[in-house]
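Here is a short briefing for a first look at this structure. Start with the sequence and the model below.

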Amino acid sequence: MAFLGSAARRLVSVRSTLTPLCRTSSRSYSTTEKSVPYEKTLKQEERSFSGPTKPLPRSADVVVIGGGSIGCQTVYHLAKMGMTDVVLLERDRLTAGTTWHTAGLLWQLRPSDVEVELLAHTRNVISKDLEEETGLHTGWIQNGGLFIASNKQRLDEYKRLMSLGKVYGIESYVLSPAETKDLYPLMNIDDLYGTLYVPKDGTMDPAGTCTTLSRAASARGAT
C-alpha cells in the first residue's frame with residue numbers, strides 16, 4: 001500500500017509539472033465534431049416532409065409498402081399480370097432502406113427447387129425482360145460465380161446442387177483447386193478442396209434495377 005501511495009504521489013507530481021504548452025498540444029490532436037468532413041454522411045439530416053410527391057388515391061386494389069427490391073418486384077409483377085390499380089408507398093425514396101447498399105449478387109443454384117425456379121425467373125427479368133420493356137440497363141453483369149469448398153462434405157453438397165441444376169438447365173461445373181486457379185488466378189488454393197463454378201451467375205446494380213422495375217410498372221399503370 002505504501003508503494004502504491006508513493007507511485008500515486010509521483011504521478012500527481014509529474015502531471016502538475018506539465019507546461020501549458022504540453023497541455024495545449026495534447027488537446028490540439030482531439031477531433032471536434034465540426035472538423036469531421038463526413039459529418040453529414042454519418043448523421044441523418046433533419047428534414048421536413050411536406051407530404052407525398054404524388055396525390056394519393058382514395059382507394060386502390062393493392063397497396064405495397066416499401067420501395068426496396070421486394071416492393072418494386074411486387075408492383076412490377078402485379079402490373080404485368082394486368083392489375084393497374086396498384087400503389088407503391090415509400091417513406092423516403094426508392095431503395096432508401098437496405099437495398100441500395102447490397103452487393104447485387106444473383107446466384108442460380110439453391111437446395112430448394114422453388115428457390116431455383118424463382119432465381120431463374122428473376123435472372124430472366126433482370127438480364128433481358130426489363131431492358132426490352134424500358135430500354136434501360138439494370139446493371140446486369142454476367143461474371144459467373146464460384147461456390148468454394150474447404151472440405152469434402154461441402155464439395156459433396158455442391159455436387160448435389162449441380163445435379164439439381166441440371167434438371168432446370170443450369171450450367172455448372174465442379175472444379176479442382178488447380179482448375180479454379182486457372183479460372184481465377186488471384187485465389188489462394190492452399191486450403192481449397194474444390195469449387196462449383198456457375199458461368200451464368202452475375203451481379204446487378206440494386207438501385208438501377210429497382211428504378212427500372214418501377215418505371216416498367218408505371219408504364220403499365222401502377223403508381
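T98 counts as exposed because its relative accessibility is 57%; exposed means over 50% relative accessible area, buried under 20%, and partly exposed in between, with a 1.4 Å probe and protein chains only. This is a predicted model, where local features need pLDDT of at least 70, side-chain atom pairs count only at pLDDT 80 or more, and totals for chains, interfaces and linings use all residues. Residues are numbered from 1 along each chain as its sequence is written, and side-chain values use heavy atoms, leaving out hydrogens and water.

**Whole chain**
- The protein chain has eight helices and seven strands. These are DSSP runs numbered from the N terminus: helices are H or I with at least four residues, strands are E with at least two.
- Of its 223 residues, 29% count as buried.
- Take the contacts in the protein chain with a separation of 6 or more: 72% of them join residues 24 or more positions apart. Contact means heavy atoms within 4.5 Å.

**Around T98**
- T98 sits in the loop between strand 2 (86-89) and strand 3 (105-106).
- S69 and T98 are 29 residues apart in sequence. Their C-alpha atoms are 9.0 Å apart in space.

**Cysteines**
- Zero disulfides turn up in a search of the whole structure. A disulfide is a pair of cysteine sulfur atoms within 2.5 Å.
- C72 is in no disulfide, and its nearest cysteine sulfur belongs to C210, 4.2 Å away.
- C210 is likewise in no disulfide; its nearest cysteine sulfur is that of C72.
- C72 is buried, at 2% relative accessible area. C210 also counts as buried, with 2% relative accessibility.

**Helix 4 and helix 5**
- Two packed helices are described by the angle between their axes and the distance between the axes.
- The axes of helix 4 (residues 69-80) and helix 5 (residues 113-134) come within 13 Å and cross at roughly 65°. Axes are lines fitted to C-alpha atoms, for helices over the stretch in contact, and angles run from 0 to 180 degrees between N-to-C directions.
- Helix 4 and helix 5 are therefore roughly perpendicular to each other, a term for angles of 65 to 115 degrees.
- In helix 4, Q73, Y76, H77 and K80 meet H121, T122, V125, I126, D129, L130 and E133 of helix 5.
- By class, this contact has four nonpolar, four polar and three charged residues. Nonpolar covers Ala, Val, Leu, Ile, Met, Phe, Trp, Tyr, Cys and Pro; charged covers Asp, Glu, Lys and Arg; the others, Gly among them, are polar.

Definitions and conventions: Parallel < 35°, antiparallel > 145°, perpendicular 65-115°, else oblique.
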